[in-house]
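Work through the exercises below with the sequence and the model in view. Each task is followed by a solution in steps.

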Amino acid sequence: QVQLVESGGGLVQAGDSLRLSCAASARTFSNYATGWFRQAPGKERELVAAITRSGGSTYYDNSVKGRFTIARDNAKNTVYLQMISLKPEDTAVYYCAARRDTTYSGRYYVAEYYYEYWGQGTQVTVSS
């Protein structure tokens, strides 16, 4: 069982930056592909960014490309989401997710159903 704990959310103004962190309890975190999702009020949860277990490849939703950066530090069992130029439409609860990846070369996962473990979420609110 893997536990994920997000932190770093808060209330900011449009144009500000935030860095979210996701701390994992996995013994070998480097075996897990991870992703950041978000869910705004009244909307479905959507993938924001994903990263392979090594950190070598990443994926971004078009809505955040150029503004968000996903990264990981396997030595610290932590995944980060650096967010700059935040917009009011970025307001949502942000979730960290992980799944064990046994593929030879490693891959990231886009679809929500791939993920096995989820954090409790952290609220990000961007005021205009």
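**The disulfide**

The torsion about the S-S bond of Cys22 and Cys96 is about -80°, so the disulfide is left-handed. This pair links distant parts of the chain, with Cys22 in strand β3 and Cys96 in strand β9 (residues 92–100), 74 residues apart. Strands are DSSP runs of E of at least two residues, and helices are runs of H or I of at least four residues, numbered from the N terminus.

The model is predicted: local features need pLDDT of at least 70 and side-chain atom pairs count only at pLDDT 80 or more, while totals for chains, interfaces and linings use all residues. Residues are numbered from 1 along each chain as its sequence is written, and side-chain values use heavy atoms, with hydrogens and water left out.

**Exercise 1.** Find how many disulfides the whole structure has, and state whether Cys22 and Cys96 are buried or exposed.

Solution.
- Step 1. A disulfide is taken as a pair of cysteine sulfur atoms within 2.5 Å. In general, a disulfide is a covalent bond between the sulfur atoms of two cysteines.
- Step 2. Searching the whole structure gives one disulfide. Cys22 and Cys96 are joined by a disulfide with an S to S distance of 2.1 Å.
- Step 3. Buried means under 20% relative accessible area, exposed over 50%, and partly exposed in between (1.4 Å probe, protein chains only). Cys22 and Cys96 are both buried.

**Exercise 2.** Describe the surroundings of strand β3 and the strands that pair with β3.

Solution.
- Step 1. Strand β3 covers residues 18–24, and five of its seven residues are buried, so β3 is largely enclosed by the rest of the structure.
- Step 2. Two strands pair if DSSP finds at least two bridges between them. Strand β1 (residues 4–7) pairs with β3 in the antiparallel sense over four bridges. In this pairing, Val5 stands opposite Ala23 of β3.
- Step 3. Strand β8 (residues 78–83) runs antiparallel to β3, and six bridges join them. Here Cys22 has Val79 of β8 opposite.

**Exercise 3.** Trace the salt bridges that involve Arg38 and Asp90.

Solution.
- Step 1. A salt bridge is a side-chain nitrogen of Lys or Arg within 4 Å of a carboxyl oxygen of Asp or Glu. In general, side chains of opposite charge can pair when their charged atoms come close. The whole structure holds five salt bridges.
- Step 2. Glu46 and Arg38 form a salt bridge at 2.8 Å, N to O. Glu46 counts as partly exposed at 33% relative accessibility, whereas Arg38 is buried, with a relative accessible area of 5%.
- Step 3. Arg38 also forms a salt bridge with Asp90, the closest N and O atoms being 2.9 Å apart. That pair links distant parts of the chain: Asp90 is in the loop between β8 and β9, and Arg38 is in strand β4 (residues 32–39), 52 residues apart.
- Step 4. Arg67 and Asp90 meet in a salt bridge at 2.7 Å, N to O. Arg67 lies in the loop between β6 (58–60) and β7 (68–73) and Asp90 in the loop between β8 and β9, so the pair ties together parts that are 23 residues apart in sequence. Arg67 and Asp90 are both buried.
- Step 5. Salt bridges with shared partners join Arg38, Glu46, Arg67 and Asp90 into one network.

**Exercise 4.** Which side chain of opposite charge is nearest to Arg72, and which backbone oxygens does the side chain of Arg72 reach?

Solution.
- Step 1. Arg72 lies in strand β7.
- Step 2. Lys and Arg count as positive and Asp and Glu as negative; His and the chain ends are not counted. Arg72 is buried yet has no salt bridge, and the nearest side chain of opposite charge is Asp101, 8.1 Å away.
- Step 3. The side chain of Arg72 reaches the backbone oxygen of Phe29 at 3.0 Å and the backbone oxygen of Thr52 at 3.0 Å.

**Exercise 5.** Locate Asn77 and Ser85 and give the phi of each.

Solution.
- Step 1. Asn77 is in the loop between β7 and β8. Asn77 is not a glycine, yet has a positive phi of about 55°. At 18% relative accessibility, Asn77 counts as buried.
- Step 2. Ser85 lies in the loop between β8 and β9. Phi of Ser85 is positive, near 50°, in a residue other than glycine. With a relative accessible area of 37%, Ser85 is partly exposed.

Notes. Polar contact = N/O pair within 3.5 Å; in protein donor to acceptor, adjacent residues only side chain to side chain.
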